[in-house]
Amino acid sequence: MSQMPRQAALPKCPSCAEPVEPGDLFCGACGYDLSVVPAPPQDHPTLPMTGAAAPGDGTDRPAPGPGDPVPATDPPGPGAGPHGQEPGDEGSAGSGVRFDRPAEPDEYPLQAPDPRPAAPAAAPAAPARLCVACRTGRVDDDGYCENCGHAQPRERDHLERETGPVAAVSDRGLRHHRNEDAFAVGHTTLPDGTPAALAIVCDGVSSATRPDAASLAASRAAGDTLLAALPRGTHPQTAMHEAIVAAAHAVNALADEPATAREHAPHQNAPACTIVGAVVTSGLLVVGWVGDSRVYWVPTDRTAPPARLTEDDSWAAQMVAAGLMSEAEAYADERAHAITGWLGADAYELEPHTACFRPDRPGAVVVCTDGLWNYAETAQEMSEVVPPDAATRPLHGAQVLVGHALDGGGHDNVTVAVLPFPAPSQGAGSA
């Protein structure tokens with residue numbers, strides 16, 4: 001028959017601690033029933049993390065009985081954990097925690113470095129440009145569609161800028177393969193704190209080399225000169241003269257190229273362009289020019305007469321000034337737009353023209369190339385196409401005027417700048 005497992009002998013009575021003999025069922029001193037003492041477990045229980053020996057460390061001991069003294073332990077030192085272990089001893093022997101993974105080596109072998117230099121990371125490829133005409137072909141590095149062959153718009157084909165109270169728009173037009181016009185606009189303050197706005201417009205001479213580079217260099221040089229001279233207290237008319245001279249020097253510098261470059265085109269003239277500009281203050285309007293680009297004055301009150309403020313350096317203007325032809329006859333001639341003054345190393349003589357005006361009423365100042373005034377030649381014709389709100393919305397006004405030239409045929413590059421008079425306080429612009 002089945003028998004209960006015999007319990008291991010106890011060394012002493014759990015109640016009175018008197019020695020007992022093996023096989024005793026009751027204590028001979030106090031009569032304590034020794035059969036109710038539970039047998040020790042067969043496996044080792046998980047011990048709390050009190051620094052006791054871990055199972056399997058060679059110190060297997062039975063669990064203490066009810067009367068066994070509890071072994072003394074050292075008090076936890078400063079910085080010990082919640083159960084008396086030192087920081088970092090969580091996985092050490094004696095913690096009561098068993099790790100199944102093998103111990104990690106103290107050192108790891110390091111792979112020898114590759115003597116070859118690391119290849120630079122490849123830059124992400126730029127997204128392919130799609131043709132603006134067929135919308136499917138890829139544009140090659142030369143700016144042409146690989147599918148339909150259409151030339152893509154260049155950066156200068158259409159430009160718009162608004163700064164403070166002045167704005168300008170430039171467009172390639174409908175017949176030319178590139179835009180040879182350029183402009184510069186800006187605003188600043190005079191020494192007394194009054195505002196000033198300025199605009200420079202340049203038209204490259206197509207019969208010269210690099211006319212687009214000439215107009216860009218001239219407009220930048222003139223604009224920078226005005227922005228530097230006006231805050232110093234230079235009179236606006238003197239500043240305009242200095243700006244045209246600086247623009248001429250900038251264009252002349254383009255001709256200082258290696259002789260080998262000129263050998264490829266010995267029959268062409270040096271880079272050249274025309275220039276026209278305007279400076280508007282609280283009570284003064286200054287214009288300056290060389291060539292056939294123009295400045296128009298259009299009052300806000302359209303019952304007042306508009307005016308053209310510049311005189312062309314052209315064959316037609318000379319014929320009219322000499323009384324040899326009427327203005328209508330001169331400008332109808334095929335030689336009308338042959339200029340007699342320009343900026344460039346091949347110019348006969350630099351003669352900057354400047355003039356001052358003091359309008360007695362508000363209005364808009366229109367600075368433009370012949371790409372616009374060919375479609376609105378007289379002051380009256382110009383006033384009819386200038387929007388009534390051009391003085392308060394200069395960018396919109398310039399856009400409308402460029403659109404008028406394109407609607408008329410766009411035979412030439414067209415550039416228009418619009419400035420309100422008098423110059424409003426800084427920060428004012430298009431509504």
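These legends describe close-up views of a predicted model. Local features need pLDDT of at least 70, and side-chain atom pairs count only at pLDDT 80 or more, while totals for chains, interfaces and linings use all residues. Residues are numbered from 1 along each chain as its sequence is written, and side-chain values use heavy atoms, with hydrogens and water left out.

View A. Helices (H or I, at least four residues) and strands (E, at least two) are DSSP runs, numbered from the N terminus. Two strands pair if DSSP finds at least two bridges between them. Strands of a sheet pair through backbone hydrogen bonds.

**View B. Strand 1 pairs with strand 2.** Six bridges join strand 1 to strand 2 (residues 166–171) in the antiparallel sense. Glu 162 has Ala 167, in strand 2, as its bridge partner.

**View C. Asp 157 lies in the segment before strand 1 (158–163).** Asp 157 is buried, with a relative accessible area of 7%. Buried means under 20% relative accessible area, exposed over 50%, and partly exposed in between (1.4 Å probe, protein chains only). Contact means heavy atoms within 4.5 Å. Leaving aside neighbours within four places in sequence, the contacts of Asp 157 include Ser 170, Asp 171 and Arg 178.

**View D. Arg 308 and Glu 327 form a salt bridge.** Their N to O distance is 3.6 Å. The pair links distant parts of the chain, 19 residues apart. Arg 308 is in strand 8, and Glu 327 is in helix 5 (residues 327–332). A salt bridge is a side-chain nitrogen of Lys or Arg within 4 Å of a carboxyl oxygen of Asp or Glu. By this rule there are 10 salt bridges. Arg 308 is partly exposed at 22%, and Glu 327 is partly exposed at 37%.

**View E. Glu 146 meets Arg 138 in a salt bridge.** Their closest N and O atoms are 2.6 Å apart. Glu 146 is partly exposed at 49%. Arg 138 is also partly exposed, at 41%.

**View F. Cys 202 is buried, at 0% relative accessibility.** A disulfide is a pair of cysteine sulfur atoms within 2.5 Å. The closest cysteine sulfur to that of Cys 202 is in Cys 273, 4.7 Å away, too far for a bond. The disulfide count is zero.
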